[in-house]
Amino acid sequence: MAVDQQAVRRHLSEFASSRRGVEAYVEPPTNVTATTVILIAHDGEWTRRAAGSRQAAFELAAGLGVPVYDVLQTGYPSRMREWNSRQRGKG
């Protein structure tokens, strides 16, 4: 799967620089997606982008200067689930 690394880097950088307490989580590939990076802010707001490979995902996240974790080892923070629940309640 081809990934526009510049577009991904730009999007993640804008998200990280405009929110507080951002952490990155690297997600493994699935049958339908490549390896992804998900950024989660202090309030649980999140964004996800394909990174292409595990190495690229960790490099993208490290380049943002935010903590980076392997989601298979840490799981997702509860603040993300809470944010998702709040968003569903707005509809």
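Modeller: Let's start with a term: contact means heavy atoms within 4.5 Å. This is a predicted model, where local features need pLDDT of at least 70 and side-chain atom pairs count only at pLDDT 80 or more, while totals for chains, interfaces and linings use all residues. Residues are numbered from 1 along each chain as its sequence is written, and side-chain values use heavy atoms, with hydrogens and water left out.

Biologist: Which residues is Ala24 in contact with, leaving aside neighbours within four places in sequence?

Modeller: Val37, Ile38, Leu39, Ala61, Val66, Pro67, Val68 and Tyr69.

Biologist: How do I read a nonpolar core?

Modeller: In soluble globular proteins, nonpolar side chains tend to be buried together. A core here is a set of buried Ala, Val, Leu, Ile, Met, Phe, Trp, Tyr and Cys residues joined through side-chain atoms within 4.5 Å. Buried is under 20% relative accessible area, exposed over 50%, partly exposed in between (1.4 Å probe, protein chains only). The largest core has 15 residues, and Val22, Ala24, Val37 and Leu39 touch the most other members. Its largest share, four residues, comes from α1. Helices (H or I, at least four residues) and strands (E, at least two) are DSSP runs, numbered from the N terminus.

Biologist: Which residues of α1 are buried?

Modeller: Val8, Leu12, Phe15 and Ala16. They sit on the same side of α1, because they cover an arc of only 95 degrees around the axis (taken from the directions from the helix axis to the C-beta atoms). On the other side, Gln6 and Ser17 are exposed.

Biologist: What covers the buried residues of α1?

Modeller: The cover includes β2, β3 (46-50) and α2.
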